[in-house]
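Dear colleague,

Here is the structure I said I would pass on.

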Amino acid sequence: MEQLKLYTIEIVISIIGGLILLIIQQKFSLTWVKAILFIVGILIIVLLVYLVQMMIKIRSLGIVNILNSQIEGPGSTKVFMQKANQEVCFVGIAASKWINEEEEFENMIRRICGHQSGKIRFLLLSPDSDAAHRLNVASRKEGELSIQDKINNSLKRITEIVDKLDNEAANINYAQNFKIKLYSQMPVYRLTLIDHSSAYFSFYRLNNDGKKLKQLQIQSEKIHSKQSNNIYNALAEYFENIWESTESVDYNFN
């Protein structure tokens, strides 16, 4: 349906372009003026058609937006937590942005893990890994916590929050539906999957806190097709591959 809309726009642009060229031919009598305007008109039409075709290709991948920040606006972790109702899958380094919004984080855990089918899964970098050590050497600023300390602090705080929620509700085991695994490879991507419907994907960059780090918003298909170019499923598979890897180690809340 989305592609049909874009094709319709392309056809309308072509028709409008033809009308513009017709008006140019009728209104201007000087041959050289007509020739220049005709060429300009053709170039405009070609450019517009090209842009529409690019939009069609981008939309076919499932990309619906390019967000300018991971801290502010619709690409912020706070907005992710507010959106999620059924499942969150996250691949990152230390989950600091999640922990920094503690009230929203708690509300998300209650909302998702409070029912049996809800599920939260975090893949975080192992603080004992060689990758964490190399990242620390490459990106740590003077007076800043080490990567290892940031990861350990997040793990400790998540454990405290989950324990607190478990103690508040004796009949709900939040830890059962909130799982964390630690991976050891060098992190390249930051990925958040929400409710089997949206993915937020970006590359890591050294010395970038995420305020100006762009990320792609990808929408899953409502009807799956074998010939689909949508990349949501590939990203979900990427998460599952790391999650199921023998190198990913379970984190024990106890």
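Helix H9 covers residues 232–244 of this predicted model.

The buried residues in H9 are Tyr232, Leu235, Ala236, Phe239, Ile242 and Trp243. Around the helix axis they cover an arc of only 125°, which means that they lie on the same side of H9. The face turned away from this buried side carries Asn241 and Glu244, which are exposed.

As for what covers the buried residues of H9, several strands take part: E2 (87–91), E3 (119–125), E4 (178–183), E5 (189–194), E6 (198–203) and E7 (215–219) are included.

The other item is Asp195, in the loop between E5 and E6. Asp195 is buried but has no salt bridge. The nearest side chain of opposite charge belongs to Arg111, 7.4 Å away; the cut-off for a salt bridge is 4 Å.

What does the side chain of Asp195 reach instead? Two backbone nitrogens: that of Asn85 at 3.0 Å and that of Gln86 at 2.7 Å. Leaving aside residues up to four places away in sequence, Asp195 touches Lys83, Ala84, Asn85, Gln86 and Glu87.

Regards

Technical notes:
Residues numbered from 1 in each chain as written. Predicted model: local features only at pLDDT ≥ 70, side-chain atom pairs only at ≥ 80, totals over all residues. Heavy atoms only, no water. Helix = DSSP H or I, 4+ residues; strand = E, 2+ residues; numbered from the N terminus. Expected span 1.5 Å × (residues − 1). Buried < 20%, exposed > 50% of the residue type's maximum accessible area, 1.4 Å probe, protein only. Arc of directions from axis to C-beta. Contact = heavy atoms within 4.5 Å. Lys, Arg positive; Asp, Glu negative; His and termini not counted. Polar contact = N/O pair within 3.5 Å; in protein donor to acceptor, adjacent residues only side chain to side chain.
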